[in-house]
Amino acid sequence: MLAGHDCLLHGLEEGPARVPVRRWAEDADTGDRLLLSQCRGPTLDIGCGPGRMTQALAVRGVPALGIDIAPTAVALARARGATALVRDVFGPLPGEGRWRCALLADGNIGIGGDPLKLLLRVRSLLCADGVVVVDLAPPGTHSGRCIVRLEHAGCRSQPFRWGIVAADTLHTLAEAAALEVLSVHDHAGRWFAQLQRPADGG
Ligand SMILES: C[S@@+](CC[C@H](N)C(=O)[O-])C[C@H]1O[C@@H](n2cnc3c(N)ncnc32)[C@H](O)[C@@H]1O
């Protein structure tokens, strides 16, 4: 499904939602570039999909590693020149505790269906004062956990857990994960935030 085919997502909204698989296969757009401008220093692109963000960081001279649980996604990322590995964010990863930046692009704070568990894991990957760059659902969106399925050409994937975090619920979540919110802003309907691991290790 990550190979650029149109795809539907069931379980997130009342009806099926269109998944922007084609966009993931394209190059980073203006909003993506704004998100990427917040990634400074060695960056782990978590759930990199076909690697457009990992590749765009490398083009900017930012050392970047994409990880994705899906081998097809990693093959596509490598084919476009990104450095990427098949890895589960909750499993062993290179450079744990040394990443300057972790990127959760395009709703990837939903990975695993438990945003607090994910942020605690991401926090453990960062160096002291490392930054998480994330995009969020617009304020007022219902935040929570759900079980979703992808559908392509009549075939449905296994159900998997996903989470939604609206921009106006971020502070509570960040506090629970012992992260400081550095910024939250919108760009053409996309909501971007930066969270920082306190330098004192708190
Ligand atoms: C929204 S898509 C990726 C979009 C991509 N970040 C972009 O902006 O083009 C979510 C990705 O997360 C990956 N993923 C899901 N669970 C994961 C996990 N536990 N560890 C790593 N990657 C995961 C999926 O395989 C999928 O490619």
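**Close-up views of a predicted model**

**View 1. Q38, in the loop that joins helix 2 to strand 3.** Q38 is found in the loop between helix 2 and strand 3. The structure shown here, as in every view below, is a predicted model. Is Q38 buried or exposed? With a relative accessible area of 8%, Q38 is buried, because the cut-off for burial is under 20%. Leaving aside neighbours within four places in sequence, Q38 is in contact with V133, H185, F192, A193 and Q194. For a sense of distance, look for E13 too: Q38 and E13 are 25 residues apart in sequence, and their C-alpha atoms are 30 Å apart in space.

**View 2. Helix 3 and what covers it.** Helix 3 spans residues 52–59, and its buried residues are R52, M53, T54, A56 and L57. Which elements cover the buried residues of helix 3? The cover includes helix 1 (21–25), helix 2 (30–36), strand 3 (43–46), strand 4 (64–68) and strand 6 (99–104). Just after the helix, look at G61, which takes a positive phi of about 85°.

**View 3. I46 and the nonpolar cores.** The largest nonpolar core has 37 residues, and I46, L104 and L119 have the most contacts inside it. Another core lies apart from the largest one and has 15 residues, among them A28, L35, L36 and A56. A56 is also one of the buried residues of helix 3. What surrounds I46? Beyond its neighbours within four places in sequence, I46 is in contact with I67, V89, A102, L103, L104, N108, I111, V122 and L125.

View 4. Helix 5 runs over residues 115–125, with P115, L118, L119, R121, V122, R123 and L125 buried. Among these, V122 and L125 are in contact with I46, and L119 has a place in the largest nonpolar core. The elements that cover the buried residues of helix 5 include strand 3, strand 6, strand 7 (126–136), strand 10 (160–164), helix 6 (170–176) and strand 12.

**View 5. R197, in the segment after strand 12.** Strand 12 covers residues 190–196, and R197 lies in the segment that follows. R197 counts as buried because its relative accessibility is 16%, where the cut-off is under 20%. Where does the side chain of R197 reach? At 3.0 Å, it reaches the backbone oxygen of R123, and R123 is one of the buried residues of helix 5. Residues up to four places away in sequence aside, R197 touches R123, S124, L126, C127, A128, D129, G130 and L179.

View 6. D106 is not a glycine, yet its phi is positive, at about 60°. Its place is in the loop between strand 6 and helix 5, and D106 is partly exposed, with a relative accessible area of 21%. D129, also not a glycine, has a positive phi of about 65°. D129 is found in strand 7 and counts as partly exposed at 27% relative accessibility. D129 is also among the residues that R197 touches.

**View 7. A77, in helix 4.** Helix 4 comprises residues 71–79, and A77 is found there. Is A77 buried or exposed? At 0% relative accessibility, A77 counts as buried. Its contacts, apart from neighbours within four places in sequence, are C48, G49, P50, G51, A82 and A84. G113 is 36 residues from A77 along the chain, and 24 Å separates their C-alpha atoms.

Conventions
Residues numbered from 1 in each chain as written. Predicted model: local features only at pLDDT ≥ 70, side-chain atom pairs only at ≥ 80, totals over all residues. Heavy atoms only, no water. Helix = DSSP H or I, 4+ residues; strand = E, 2+ residues; numbered from the N terminus. Buried < 20%, exposed > 50% of the residue type's maximum accessible area, 1.4 Å probe, protein only. Polar contact = N/O pair within 3.5 Å; in protein donor to acceptor, adjacent residues only side chain to side chain. Contact = heavy atoms within 4.5 Å. Core = buried A, V, L, I, M, F, W, Y, C linked by side-chain atoms within 4.5 Å.
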